[in-house]
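Here is a short tour for anyone about to work with these coordinates. Please have the viewer open as you read.

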Amino acid sequence: MKTKSWLAVLSCTSLLVLAACSGNSGDSVPPGKSSAVAPQTEGSKGNKLLDKPITIHVLSTDTSPPVNTKSPVFDYIFERTNVRLDLELAATNYAQRAQTIVATNSLPDVMKIPNGSPYFAEAAKNGLFLPLDDYMADLPNLSKIMKQDKEIEKNKVDGKLYSFPVLGQWKLQLAQAPMMRVDLLQELGLSVPKTFNELYQVLKKMKEKYPDSIPFTSREGAKNLLRPLAFALGSGNRMYFDPAIDGGKYVYGQAHPEFKAVLEYVHKLYAEKLLDPDYAVNTGDQMKEKLSAGKAFFYYDNNSFGVNFNTALLASNPKAKFDLLPLMQNDRGQTRNWMYAKDWLHHFVISAKAKNPKEIVKFFDWLYSDEGTLITNYGIEGKHFKMVGGKPVIEESVIKEFANTKDPYRYMQNTLGVGFLAFSLNVDEHPMAVVSPPELSKWAEQIVPDKGYVYELFDPPFTSAESAKLKTLQSKVDTLVDQEMDKFIIGTRPLSDYDKFIQQLKDSGALEIEKIYNDAYVRLMQQSK
């Protein structure tokens, strides 16, 4: 009975979410960027995109669960475009592998380069990637989007576009946000914390009640722990954009006195065993296991994880519930938090040595079209989804197939070979809203109107000289930060040394890095006017 009723909720949610996006009812659109798409007229005529079939070898990232590269969706893409995708997906050490491939100029036809990869700009300047500016006549769909989405300008190198960016056509807004077992607040008679000092007191009470517990856990070391926390506490981790400084500027967080308060707070949590003693070595799976098993009660990370923790906890404790906390005030009187940017801006680059470059360009532009966006996010019409009122609705049989998996959304998407984790460049996250428990949409509705949440900003585009200088400076400064953050948190280096550490960072070039970033940002703003 529970399964049937849950499936009914999902089916109704599917229709409600998509109907709300039609723009005809007068109701507000769900959190995101734009409504779901209908197939373009040309796609319904049966015309293939290319006259002759080609195969494109694409190297990209894999995930867990693995993407099904044999999905019938890829056969359907071939039917619609004459393009056979030879997908090679790497699940481990992808960043290092991609860097090695670029360094040795042994690129496949197309490869994904994660946003922020320091070698991207240099490789583009050295002629390894196909310059897309030479093919603008074959890019009608991307060109149209670029006129509206100025963030794509940040993917350019010396004013030229060398990659197809991963964009958010419609996003269910998520954030690295404070998530807590609110049932324990009720059990212990505690109020929802409104400040970070109150959060400390709450975690302390939880530890007193459950001494074997880990009140606060995290993953992937100090870098991921500090990324959301430092900004929320009034500073920022490494290079970040601070809207509260001089109308908005880039700052190297650790090089300023405000960061000391961040470390004092985190060190206090660690010293009193409120922060996971294994925070520095926890993998993502280890963090999730502790939260799913009821061993940990709070995390400051991707809020969408909470729906899976709630499902896992339900069997052993029906009252257990993770919920999104309201943003907490820091000691500077600020209430602020990052939310994920609307676009990912990962790069898909075409090798300058690829055969059929014009045809590859046309295919990748098709991925941004209405038809390409629909297929790469929903699959095959009549098999995986149907059109209702001009909007795609996931078939109930598909929802049912994945309803009892550990992560219904990701298992569905990766098995079908669609969506962000598979091969969509214009990502529509309506399926996440439909397949996930209703809390996820509720949390998105809390995040979007809260003025304390601000979008993360990606790096501005740099000149060749700036990129070369940054490579040298960041190697020195980031290495120092990597070496010392855990020492300050754990206490093997006293916080009384922090002023000396700030000077070390400045001597190594932290303020020079800031100047390069801010000069580039000012230049970008002037170009965008």
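This is a predicted model: local features need pLDDT of at least 70, side-chain atom pairs count only at pLDDT 80 or more; totals for chains, interfaces and linings use all residues.

Residues are numbered from 1 along each chain as its sequence is written, and side-chain values use heavy atoms, with hydrogens and water left out.

**Domains**
- The chain is split into domain 1 (54-167 + 345-434), domain 2 (176-339) and domain 3 (464-528), with bounds taken from an automatic or database domain assignment.
- Taken over C-alpha atoms, the centres of domain 1 and domain 2 lie 33 Å apart.

**Nonpolar cores**
- A nonpolar core here is a set of buried Ala, Val, Leu, Ile, Met, Phe, Trp, Tyr and Cys residues joined through side-chain atoms within 4.5 Å; buried means under 20% relative accessible area, exposed over 50% and partly exposed in between, using a 1.4 Å probe and protein chains only.
- The largest such core holds 81 residues, and F164, F363, F364 and F423 have the most contacts inside it.
- Helix α12 (residues 357-366) supplies the largest share of this core, five residues; helices (H or I, at least four residues) and strands (E, at least two) are DSSP runs numbered from the N terminus.
- Domain 1 and domain 2 each contribute at least three residues to this core.
- A second, separate core has 57 residues, among them L226, L233, L274 and F488.
- Setting aside neighbours within four places in sequence, F423 is in contact (heavy atoms within 4.5 Å) with V58, F74, L85, L87, F348, F363, F364, L367, T376 and G417.

**Helix α13**
- Helix α13 (residues 370-378) is largely enclosed by the rest of the structure, because eight of its nine residues are buried.
- Those buried residues are E371, G372, T373, L374, I375, T376, N377 and Y378.
- Just after α13 comes G379, with a positive phi of about 105 degrees.

**A buried serine and an exposed aspartate**
- S60 sits in strand β1 (residues 54-61) and is buried, at 2% relative accessible area.
- Not counting residues up to four places away in sequence, S60 touches E88, L89, A90, Y94, K112 and F348.
- D212 belongs to the loop between α7 (196-209) and β7 (214-216), and its relative accessibility of 77% makes it exposed.
- D212 and K268 are 56 residues apart along the chain, and their C-alpha atoms are separated by 18 Å.
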